[in-house]
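Here is my note on the two ligand sites. Please read it with the model open.

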Amino acid sequence: MGLIANQYHVAIAIDGPAASGKSTIARMLAKKLGLVMVNSGEMYRAVTWKILEAGIDPRDVSTIVKALGDMHLDCGINGCFSTIAIDGRLLRDELRSENVNRAVSVVSAIAAVRSRLVSLQREYLQTTSLVMEGRDIGSVVFPKTPYKIYVDASADVRAARRLAEGVTDSVVSRDQADSSRETAPLIVADGAVVLDNSHHTVDSAVEAALVILRGQGLRWSE
Ligand code: CDP
Ligand code: CDP
């Protein structure tokens, strides 16, 4: 499958709360449609990891803003996935540590962190068509894209899915923080269609996402 030739690069925005299935759906859409999948959460996680590694308190906004100015962030693409390196170190498994899970919503609420990462997220579209998942992709990063899905699932289902992955992650408190922050809170963006992923299988959720995208005007060859 591939997108039907388009003069411009296309952005598909996938937003929603923690463990709703955004990454899973985005990854499979990217594969089916021949797009790059950009995981914006990993960018917030990477900055958080670096702050913690430097021994900075995640609530110390002024020190974080200063440290951010000195950080070299390298956002790349490997195959059909985004990558992130900070100061020359490629980050992967460390992004999912419990310490990062605990601190990431605090660091992501800082406006200076958001504006630096939003610029880097928009730069990807200069290079490629993409599916980007996060919290504010349809509302802030690419508000003009017609292709927007908000993936939701009940809190119980989301907590159970994280547990099944063997991860300790307080999804409810992270959602609370992400939804109530002043800058770019988690919302259903204008024009987004909600996909309730509580009772889908992975395959049926991807099929539902494709139906939504077709309804939003996306065309691809089978
Ligand atoms: O995978 P999961 O949904 O658990 O989280 P994630 O997508 O890796 O995002 C981790 C955290 O980064 C979120 O809880 C938000 O605090 C923050 N984030 C954000 O503020 N904006 C985004 N576009 C993506 C993530
Ligand atoms: O990116 P986000 O935090 O929203 O979720 P994820 O990292 O895709 O994790 C969702 C987990 O639920 C994964 O282990 C999926 O295999 C599983 N899952 C799903 O995403 N969708 C379903 N319909 C059923 C299970």
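1. A polar side-chain atom of Lys 22 lies 2.9 Å from an oxygen atom of ligand 1. That is a polar contact (a pair of N or O atoms within 3.5 Å). Ser 40 places a side-chain N or O atom 3.0 Å from a nitrogen atom of ligand 1. For Arg 162, the side chain comes to 2.9 Å from an oxygen atom of ligand 1. The protein covers 99% of the 530 Å² of accessible area that ligand 1 has on its own (Shrake-Rupley method, 1.4 Å probe).

2. This is a predicted model: local features need pLDDT of at least 70, and side-chain atom pairs count only at pLDDT 80 or more, whereas totals for chains, interfaces and linings use all residues. Residues are numbered from 1 along each chain, chains are lettered from A and ligands numbered from 1 as written, and side-chain values use heavy atoms, without hydrogens and water.

3. How many residues surround ligand 1? There are 20, and Arg 45 and Asp 136 are among the closest (a heavy atom within 4 Å). The shell holds 5 nonpolar, 5 polar and 10 charged residues.

4. Now ligand 2. The side chain of Lys 22 has an N or O atom 2.8 Å from an oxygen atom of ligand 2. Arg 162 brings a polar side-chain atom to 2.7 Å from an oxygen atom of ligand 2. His 200 uses a backbone N or O atom, 2.8 Å from a nitrogen atom of ligand 2. The protein covers 81% of the 540 Å² of accessible area that ligand 2 has on its own.

5. Around ligand 2 there are 15 residues, Ser 23 and Glu 165 among the closest. They divide into 4 nonpolar, 7 polar and 4 charged.

Terms used
Polar contact = N/O pair within 3.5 Å; in protein donor to acceptor, adjacent residues only side chain to side chain. Nonpolar A, V, L, I, M, F, W, Y, C, P; charged D, E, K, R; others polar.
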